[in-house]
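This briefing goes through one protein model, starting with a single residue pairing and then moving out to the whole chain. Please keep the sequence and the 3D view at hand while reading.

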Amino acid sequence: MSKKVLLTSVCRPMGPQYGDASSVGYELLHRQVTRAQGLFSPRTVNVHFSLEYIAENLDAPTVVLQYPSKRELIRELKKGYDYIGVSFLMAVMHKMKETVALIRQYSPRSQIVLGGYGTVLKDEVLKPYADHICREEGVAFFRRLLGEPAVSMPYKHPLIVSWLKVFGWKVSGTGKIFAGLGCPNGCDFCCTSHFFSRKHIKLLPEGKDIYAVIERYLDMDPSLVFLILDEDFLLNKKRAMAFRDCVIKGGKTLSIFAFSSVKAISQYTVEEILEMGIDGFWIGYEGTRSNYAKQQGRPVSEILTEFREHGILALTSMIVGFDYQNQEVVAKELDGLMKLKPALAQFLIYGPVPGTPFYERIIRQNLLQDVYTKDMDLFYRRADGFRTMIKHPNLSPEAIEEIQRWCFQEDFQRLGPSIYRVLETRLLGCQKLRNSPNLLLRQKSAYLAKELRAAYPVFLAGRMLGPNAAVRRWIGDLQQRIHAELGPPTVTERFKSGLAVGAALWTALTLKLDLFQHPKLQRTAYRTPGSRWSAFDLWEEIQRKVSSPDFSIQVELQHARKQVWLRLEGALSSKDAEGLGQRIRDSLARSKSRLVLDLKRLHWDKVDDLRPLREKLTDYRSRIRLVLPKLSAAHPEIILLASMFHHYRG
């Protein structure tokens with residue numbers, strides 16, 4: 001029998017008010033990047049993507065829990081699991097211990113697997129809490145542990161969407177694309193680089209693999225924007241340019257945020273980057289004398305200026321606490337960065353993480369503060385980038401932490417809320433690209449204009465509640481510039497502006513009172529024999545039984561959305577249509593699954609009669625949605641299908 005697997009994060013609630021480090025929570029933006037921006041901080045919950053990715057690629061029945069409460073975890077543990085994986089970071093090791101204690105109490109026969117970047121700690125630290133420790137790519141590790149045969153990359157890619165909110169309103173959905181792990185740059189402080197021994201693991205080996213994931217997301221929801229999770233996406237130029245070719249051929253205007261370095265970016269023109277659909281980057285600014293290899297190339301000031309002029313937003317990361325820095329040096333470096341007007345900026349304290357060269361140097365030279373040498377558990381709990389862990393040659397720990405707070409405040413007070421800085425960058429890009437000889441860039445200009453128009457309601461709140469008079473005037477001026485470019489607001493947009501002020505004030509109140517700041521449990525079951533998924537074996541069998549040399553089927557069990565997506569490609573004969581229809585009918589009869597039937601890649605010039613397929617599926621039409629190609633409405637089969645089944649709209 002298959003082993004049963006449970007994969008979980010540590011338990012909520014999380015945050016400094018519960019004894020955690022300053023930046024620990026569910027949100028990278030609000031807890032870290034825009035932490036000083038209060039009610040203006042954009043909000044999005046970051047789940048442990050790796051758990052969903054691993055679960056998607058196992059054969060065993062698997063359940064994933066994202067941020068369960070202790071009560072919710074206990075309830076799940078009582079169902080009995082053979083293996084339980086716990087994902088954690090070093091700063092929440094204390095919560096990992098609590099989670100493991102619950103597992104041992106309520107599911108004592110389960111084998112415990114620890115994973116995530118918290119496993120940078122040595123075996124003697126972690127072994128008391130685990131039967132197995134995963135310090136590698138997780139799919140291969142778990143399949144080997146379960147005795148499942150190895151599978152080659154690219155693996156199955158789960159579709160995971162997070163929602164960005166401003167003043168509590170959803171403004172965009174982001175599809176997460178897991179393109180790679182690790183980084184060859186090897187910066188001395190970088191856990192993610194040294195965790196994988198400075199190797200780059202391409203989860204999506206080729207550009208076409210990355211674009212195929214984007215196509216699946218767009219089928220699900222054409223309005224999505226994208227985040228490519230890869231430490232230095234543009235470093236591999238061959239893969240990036242192959243991806244660009246796919247985007248150009250696809251002809252769709254994309255909005256992609258990626259991580260990259262000055263070294264990697266310097267290989268491309270700004271036009272090539274925009275042609276990839278990339279209009280946002282996380283870039284390591286670090287420090288003017290940090291001298292990392294990844295910073296070699298074009299001057300960062302030149303790159304950031306050009307990006308901003310072309311509508312590409314930058315999230316810059318600066319480090320405080322380098323040996324060469326004192327308060328005056330940091331102030332000068334900050335001045336230089338502020339002149340470049342990044343849309344977002346992060347400031348982290350130079351900290352030693354086990355497994356990195358910086359940590360080894362600190363230990364070797366006895367530069368770890370004595371309080372942490374005597375109490376390593378305290379070191380783990382505070383190692384979040386907001387506490388000074390080392391003995392600095394020029395500054396006290398308190399001085400470094402105060403400088404960091406000052407940097408965040410100066411960024412907010414000088415440049416204003418990031419949501420408006422993003423809009424100013426988009427305005428510049430809209431104007432710059434409007435008359436480009438490149439059709440893709442003109443289409444990008446139109447896309448940015450649409451994005452700006454959708455943001456009309458946020459300006460009144462900024463003019464009223466901005467951090468100081470200068471910023472409030474700047475927001476008002478930006479509003480006038482955008483109105484001059486795109487037209488005055490409608491009555492509806494003016495009404496929404498008033499609502500946005502109320503939403504902003506409500507956001508401020510909930511922050512002050514710590515209301516609604518914690519996510520609900522997200523539970524996703526993969527391949528479990530519940531009533532809704534009792535026929536998952538039949539769905540997967542369709543792919544094997546019906547495919548032929550001229551016709552193929554891709555089956556995707558979208559567990560989180562509780563639906564099945566069938567993609568049909570090639571020439572489908574009447575005989576094949578009848579067999580396919582019967583198998584789909586059998587699967588629908590034995591389950592409660594919803595079905596999305598994707599017909600975009602059928603060879604419609606060879607389609608004569610899909611009547612057998614229609615007749616077999618008629619009784620289940622309420623559970624079936626179609627994805628149809630953009631062909632002439634005169635095609636008889638499309639007219640018949642569209643009259644019987646609803647179109648899929650995400």
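Ile 283 stands opposite Thr 316, a residue of strand 13. The model is predicted. The points below cover the strands around this pair, then the overall fold and the surface.

Strand pairing
- Strand 12 and strand 13 (residues 313-320) run parallel and are joined by 6 bridges.
- Strand 12 also pairs with strand 11 (residues 256-260), again in the parallel sense, over 5 bridges.

Overall fold
- The protein contains 26 helices and 20 strands.
- Its radius of gyration is 26 Å, close to the 26 Å given by the globule rule for 650 residues, so the protein is as compact as a globular protein of that length.
- Along the principal axes, the C-alpha atoms fill a box of roughly 80 × 65 × 50 Å.
- Among contacts in the protein with a separation of 6 or more, 72% are between residues 24 or more positions apart.

Burial, surface and charge
- Of the 650 residues in the protein, 57% are buried.
- The accessible surface comes to about 28200 Å², and carbon and sulfur atoms account for 52% of it.
- There are 93 positive and 69 negative side chains, and the centres of these two sets lie 4 Å apart.

Conventions. Residues are numbered from 1 along each chain as its sequence is written. This is a predicted model: local features need pLDDT of at least 70, side-chain atom pairs count only at pLDDT 80 or more; totals for chains, interfaces and linings use all residues. Side-chain values use heavy atoms; hydrogens and water are left out. Helices (H or I, at least four residues) and strands (E, at least two) are DSSP runs, numbered from the N terminus. The radius of gyration is taken over C-alpha atoms; the globule rule is 2.2 Å times the number of residues to the power 0.38. Buried means under 20% relative accessible area, exposed over 50%, partly exposed in between (1.4 Å probe, protein chains only). Contact means heavy atoms within 4.5 Å. Accessible areas come from the Shrake-Rupley method with a 1.4 Å probe; for residues, only the protein chains shown count as cover. Lys and Arg count as positive and Asp and Glu as negative; His and the chain ends are not counted. The place of a charge is taken as NZ of Lys, CZ of Arg, CG of Asp or CD of Glu. Two strands pair if DSSP finds at least two bridges between them.
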